[in-house]
Amino acid sequence: MGIHDEDLERVKAETDLAGIVSQYVALKKVGQRFSGLCPFHNEKTPSFSVNADEGFFYCFGCQKSGDAITFVREIEHLDFVGAVEWLANRLGIALRYTDSTDGANRKERQEISELLEKTADFYHQTLRTGKQAGKVRSYLRSRGFDSETVEQFRIGYAPDQWDALASHLGVAIEKLEAAGLGRPGQRGGAIDFFRDRVMFPVCDANGAVVGFGGRMLPDGQQPKYKNTPQTRLYDKSKVLYGLHWAKKQIVQADEIIVCEGYTDVIGCFRAGLDRAVATCGTALTDDHVKTMVRFAKRIVIAFDADGAGKAAADRFYDWEHQHNAEVFVAAIPEGADPGQLAEEDPAALTEAINSAEPFLSYRINRVLDRADLERVEGRARAAADTGAIIAEHPNEVVRDQYLVETAQKVRVDIEQMRRLIVKPSPQQQRSSAVQQDTAQPAKQVEPKPPPLVEVNLLRALIHQPDAITSLVLPAMFTDPIAAEAHRLVISDGWRDQINDFSQPVATLVGRLVVEEVDADPVELVSRALDAVIDRWHTEVRYDVNDIEQLRVHQPMVQWLAQRQEEMHSEQTRTAAVEAIVDWLRTQDSDKDSTS
Ligand SMILES: [Zn+2]
C-alpha cells in the first residue's frame, strides 16, 4: 500500500541490512553471516544473526526475524510506510505514492515537520544572537547552561512579541495551528503560541522535531512550563524528550533514566548520565513504558522526591509484569530535582542514579527513614505502614521476602508482621490471577518442532534451490508447519510474502534464511526419502491385511531397497535419488487420481 512498487523494490534492493543493523549493535562476521547481540531482547551471548546477501535477520533467542523493513519497523517503532521512508531517506531515494489521500496525509505531516524544523532554528538563532535574548542568555549562564549545552540541545528563545514566529514563517494560520505553533488573533493576524520563553525542541526517536516545551523566565508569564498542544505529530502521552540523543547509550547500558522535565534530562547529560529522557508535562503512561522497554528493561525513575513518592504503585507493578520491565527509583534528596542536583552536586546525582532501588524497596526505606525506631510506638507505626506498602505488591514471593527483611528492621515478630500484610485488593488479586493464567497455558501450547530431516531439507531448499528444488516434493513434509514453509519457499518472490504466512512458518523460515547448509543438499534429500520410504513401508504393512496384496507390493519393496542402498553411496546417490523421487511422484498422482 501507499508506495510505488518500483520505488519499494529499489529501496529493498539498495538497502544493506548488515549496515543498518550495525548502527544499533556491533556485528561480527561468522562464516557467511553476521552475528551480534540481539537489539530486541536482553542477552549476554550473541544469538542475533544477519544474512547480508539475503537481507534477512533472525534471533535464536527471541525468534524475531524479517528483512530490513521489519528491522526498521521494530527498532524505530514505525509503520510499514514509515520504515520504507526511513530507509529511502538514507539511500536518497525520492518515493512516489500510489494513493493520493495517503500521499496527501504524508505530505501534510511532512509540511508540519518542516515548519517545526524551521521554528527550532528560529528560536535557537534568536537565543544565540538575538538582541532581545540578552537577559535569557545571562539567565541560562547563571544556571550553568554553557553554549555547548545550548548547541547540543538546540535550546532556543521565543521572543516577547505577539507574532515574531508567525511573521518569520509567513505561512497560513491553519498551518501554524496544525503545527501547534500559533492561532488566529482577534484582529485577524496570527498569534504565536509561545512567547517570552526558553524553548526546548522535542524530537521523536529519529530526531525529527515534533513539538516544543517552553519554560518561563524567572519573572515571566505563568505557567512555569507550556507544551505544544496535541497535534498530528505531537502526542504528549507517547513522546519522550531526549530519546533520540540518549537511545544509543540506553541500549548499551540497558538502562533508561526517566525524569519529569527538560532541564532534568539536560542535567543528567551534563553529569555524564547520557541515558536520560523525560515525559513532557504529563505523568508516565503505559505508552511511555512500552517505548522505553524497547530500548532497555531497567527503568530508573528520577523524579523529585515528592513525585516518586506519589507515583501510582499499582501501575508500576502492572508495568513490570506486563512489559517485563524492572522499575527502580533513584533517591533524589528531598526538595531537589535532578536538574538542580546536576547543577549543585553532580556527584550526588550520579550516586542517586547508581544506587537506585527497586520501587517497593524504595517506598519501604522512605517510611523507615522517617520512623522513630527507638520507641515502641514508632516501631509499631513503621510496621503498619511498611506492611500496607508490602501488601500492595502482586507477587507473593516478593511480598514474603520484603516481609522477612522489614520485620527485622522494625524489630517486630515475623508472624505479627505477616498479620499486618492485609490481603491484596480484588484488583490486585485479579492481576496476579491473570499472571498465572497467562504463564501456564503458554507453555502447553508450545508447538512441537518439525522433524530435523524436514527442517534440514527446507534450509537446503532456501540456500541452494537450483540444486534440489525439482527433487523436493510435498510428500516429504509430514509436519504442517514444515509443509506450509515448503509451499512458501517454492513460490515466486516468497521473500516478500513471509509475513503473509502464519507466525510459526514466518519464524521457521526467518531462522533458516540466516542459517547455513552444512551438508550436501542431495544427501539431505536422500535422508528425507529414507523417512518417506519408512512411512510407506508402515502404510503398506498396516493397510494391507491381504497376503495377496502384500505379494503385489513385494517387487516395489525390493526395488526401493536397492535404490535406497545406492542412495547411501556417494557415486550413485544422485541417480538413485532421482529415481525414487520419480516413484514418489507417481505415488502422489496415484493418490490424487484415486481420491
Ligand atoms: Zn532476540
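Trainee: Among contacts between residues at least 6 apart in sequence, what share joins residues at least 24 apart?

Mentor: Two residues are in contact if their C-beta atoms, placed from the backbone, lie within 7 Å. In this protein, 62% of the contacts between residues at least 6 apart in sequence join residues at least 24 apart. This is a predicted model, in which local features need pLDDT of at least 70 and side-chain atom pairs count only at pLDDT 80 or more, while totals for chains, interfaces and linings use all residues. Residues are numbered from 1 along each chain as its sequence is written.

Trainee: What radius of gyration does the protein have, and what would a compact globule of 595 residues have?

Mentor: The radius is taken over C-alpha atoms, and the globule rule is 2.2 Å times the number of residues to the power 0.38. A compact globule of 595 residues would come near 25 Å, but the protein has 32 Å. Along the principal axes, its C-alpha atoms fill a box of roughly 105 × 70 × 40 Å.

Trainee: Into which domains is the protein divided?

Mentor: Domain bounds come from an automatic or database domain assignment. Here they give domain 1 (5-91), domain 2 (103-227), domain 3 (240-364), domain 4 (371-438) and domain 5 (452-594). The C-alpha centres of domain 2 and domain 3 lie 26 Å apart. Their contact takes 15 residues from domain 2 and ten residues from domain 3.

Trainee: Which elements give two or more residues to the side of domain 2 that touches domain 3?

Mentor: Strands (E, at least two residues) and helices (H or I, at least four) are DSSP runs, numbered from the N terminus. The elements in question are strand 9 (197-203), strand 10 (209-216) and strand 11 (225-227). Strand 9 gives the largest share, three residues. For classes, Ala, Val, Leu, Ile, Met, Phe, Trp, Tyr, Cys and Pro count as nonpolar, Asp, Glu, Lys and Arg as charged, and the others, Gly among them, as polar. By that scheme, this side of domain 2 has six nonpolar, six polar and three charged residues.

Trainee: How many residues does helix 4 have, and which of them are buried?

Mentor: The expected span of a helix is 1.5 Å times one less than its number of residues. Helix 4 (residues 80-91) has twelve residues and reaches 17 Å from its first C-alpha to its last, close to the 16 Å expected. A residue is buried if 20 or more other C-beta atoms, placed from the backbone, lie within 10 Å of its own, exposed if 12 or fewer, and partly exposed in between. In helix 4, Ala-83, Val-84 and Leu-87 are buried. Seen down the helix axis, the buried residues fall within an arc of 100° (taken from the directions from the axis to the C-beta atoms), so they line one face of helix 4. They pack against helix 1 (5-14) and helix 3 (68-76). Just after helix 4, Gly-92 takes a positive phi of about 70°.

Trainee: Where is Arg-154 found?

Mentor: Arg-154 sits in the loop between helix 7 (147-152) and strand 6 (156-158). Its phi is near 55°, a positive value in a residue other than glycine. Arg-154 counts as partly exposed because it has 16 C-beta neighbours inside 10 Å.

Trainee: And is Arg-411 buried or exposed?

Mentor: Arg-411 counts as exposed, with 11 C-beta neighbours inside 10 Å. Its phi is near 55°, also positive in a residue other than glycine, and its loop runs between helix 19 (396-409) and helix 20 (414-420).
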